[in-house]
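Colleague: I'd like a close look at one part of this model, the salt-bridge network and the spaces around it. Could you walk me through that part, and then show me how it sits among the other features?

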Amino acid sequence: MFFLAFGIFGYLMFKNSSTRIIETANKELQHRSDLVEIQTIEYFKELMSSLDYLTFNPVLENYLQNKSKQNYSLLSDNYLSLLEAHPDFAQIRYIDATSGMEMVRVERDTKGHSFINTLELQNKKDRPYFKSALQLTNDEIYISPIDLNKEYGKISQPRTPTLRLARVVNLEGLRQGVIVININLNTLFNNLEQTVGDPFSLQVLNEQGYYLVHENIDSTFLFEMSKPITENKGSNKKSSLEINNKEDQLIYSRKIQNELMTYSLEFKVIADKSVLLGPYNAWRKKSILLMLLTVGFLTILSFFILNSQSKNFAKITNTLRNFPKTRTPINEMANRK
């Protein structure tokens with residue numbers, strides 16, 4: 001009975017401990033997801049502020065009124081200063097509204113050095129972000145889907161997840177051009193992964209269900225390689241808590257969308273149960289081993305005690321059986337424990 005009660009107590013203790021760990025992990029998943037959402041929304045607000053600065057900059061207005069070399073140089077230097085102040089900005093461009101030709105272009109090279117590029121100006125009149133920006137009002141901003149940066153139709157190396165912001169520039173009621181900022185989202189994604197932290201992982205999906213961020217980089221941006229989605233699509237819910245027993249994971253997913261974005265992104269904070277319960281499982285193994293050793297020791301001790309008592313009982317029984325024959329009084333009963 002004692003050993004049965006001991007086993008039931010151990011089972012309930014282990015069961016309650018693992019349940020508490022999972023419940024705590026669920027709360028932590030939601031908390032990390034909240035931090036990811038706040039950080040993402042604040043990041044987009046900073047991007048909008050930078051685009052406002054470029055659009056309503058007096059230096060740009062002076063250049064549009066008088067396209068002298070001096071004003072061009074001042075505008076290029078102004079763009080270069082902003083690019084250097086934002087390590088995640090890959091390019092800043094001013095594109096002529098009529099021709100679609102890049103007039104000013106500052107960018108970073110593969111080593112991270114910023115410079116004014118006057119030798120590789122391209123025509124962007126057929127690019128979706130340029131066409132879309134021309135259709136917007138003065139207060140609207142074009143926010144592109146997230147894809148990989150391309151030059152001359154080929155994916156740039158190293159692979160760079162890129163977001164483009166575009167806004168039309170007007171002067172005296174006439175559309176003069178479009179300002180475009182290319183943002184390298186590696187900085188944002190790396191910061192979000194640090195926010196999530198161990199032992200959790202982060203996944204980001206677009207509305208089509210393709211991964212933009214994943215533990216396995218080969219699973220990201222499959223649409224750029226014309227490959228089908230190989231895993232489950234994102235959910236349609238704004239916010240959901242999902243326990244995935246099949247894959248032994250805890251998943252908290254949340255849709256995030258800036259008020260100016262025409263699409264949403266799904267952010268998933270994921271915890272692997274085997275990782276979460278790793279320290280607990282190690283402790284449980286030690287505890288079970290200690291319990292088994294304790295039970296074994298108590299069993300052996302009980303055996304010796306019962307064996308000793310059995311011998312005493314046998315001796316007493318034999319004495320009682322022999323008493324009618326000998327009728328000799330003894331003190332055997334008085335000395336028992």
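**The salt-bridge network and its surroundings**

Modeller: Let's start with the network itself: salt bridges link Arg93, Glu102, Arg105 and Glu107. Bear in mind that this is a predicted model.

Take Glu102 to begin with. Glu102 pairs with Arg93, and the closest N and O atoms of that salt bridge are 3.0 Å apart. Glu102 also meets the side chain of Arg105 in a salt bridge, at 3.2 Å from N to O. How exposed or buried are these residues? Glu102 counts as buried because its relative accessibility is 1%, under the 20% cut-off. Arg93 is buried too, with a relative accessible area of 2%, and Arg105 counts as buried at 2% relative accessibility.

Now for the spaces. The whole structure has two cavities of 30 Å³ or more, and the largest cavity has a volume of about 50 Å³. Arg93 is one of the residues lining the largest cavity, and the others include Gln91, Lys124, Arg127, Tyr129, Glu151 and Arg164. Strands β1 (89–96) and β6 (150–151) each give at least two residues to that lining. By class, the lining of the largest cavity has six charged residues, three polar and one nonpolar.

Then there is the largest pocket, with about 550 Å³ of space. β1 turns up again here: along with β2 (102–108) and β9 (174–184), β1 gives two or more residues to the lining of the largest pocket. That lining has 25 residues, and Arg108, Asp109, Thr110, Asn149 and Thr160 lie nearest the pocket's centre. Asn149 is also on the list for the largest cavity. Sorted by class, the lining of the largest pocket has 12 polar, seven charged and six nonpolar residues.

The second largest pocket has a volume of about 350 Å³. Its lining has 18 residues, with Ser144, Pro145, Ile146, Asp147 and Arg164 nearest the centre. Arg164 lines the largest cavity as well. Helix α4 (128–134) and strand β5 (147–148) each supply at least two residues to the lining of the second largest pocket, which divides into 10 nonpolar, five charged and three polar residues.

Back to salt bridges, of which the whole structure has 10. Arg167 forms one with Asp52, where the closest N and O atoms are 2.1 Å apart. That pair joins distant parts of the chain, with Arg167 in strand β8 (residues 161–171) and Asp52 in helix α1 (residues 2–55), 115 residues apart. Arg167 counts as buried at 4% relative accessibility, whereas Asp52 counts as partly exposed at 32%.

A couple of backbone details are worth a look too. Most residues other than glycine have a negative phi, and most peptide bonds are trans. Phe221 is not a glycine, yet has a positive phi of about 50 degrees. Phe221 is in the loop between β11 (211–213) and β12 (239–244), and counts as buried at 3% relative accessibility. The peptide bond from Asp198 to Pro199 is cis, with omega near 0 degrees, and Pro199 is in the loop between α5 (186–196) and β10 (200–205).

Finally, the surface: Phe297, Leu301 and Ile305 make up a nonpolar patch there, with about 290 Å² of accessible area together. Phe297 belongs to helix α7 (residues 278–326) and counts as exposed at 55% relative accessibility.

Technical notes. Residues are numbered from 1 along each chain as its sequence is written. This is a predicted model: local features need pLDDT of at least 70, side-chain atom pairs count only at pLDDT 80 or more; totals for chains, interfaces and linings use all residues. Side-chain values use heavy atoms; hydrogens and water are left out. Patches are made of residues with over 30% relative accessible area and no salt bridge: like charges are joined within 9 Å, nonpolar side chains (Val, Leu, Ile, Met, Phe, Trp, Tyr) within 5 Å. Accessible areas come from the Shrake-Rupley method with a 1.4 Å probe; for residues, only the protein chains shown count as cover. A salt bridge is a side-chain nitrogen of Lys or Arg within 4 Å of a carboxyl oxygen of Asp or Glu. Helices (H or I, at least four residues) and strands (E, at least two) are DSSP runs, numbered from the N terminus. Buried means under 20% relative accessible area, exposed over 50%, partly exposed in between (1.4 Å probe, protein chains only). On a 1 Å grid over the protein atoms alone, a cavity is a set of points where a 1.4 Å probe fits but cannot get out, and a pocket is an open set with protein on both sides within 12 Å along at least five of seven lines; lining residues have an atom within 4 Å of a point. Grid points are joined across faces, edges and corners, and a volume is the space filled by probe spheres set on the points. Ala, Val, Leu, Ile, Met, Phe, Trp, Tyr, Cys and Pro count as nonpolar, Asp, Glu, Lys and Arg as charged, and the others, Gly among them, as polar.
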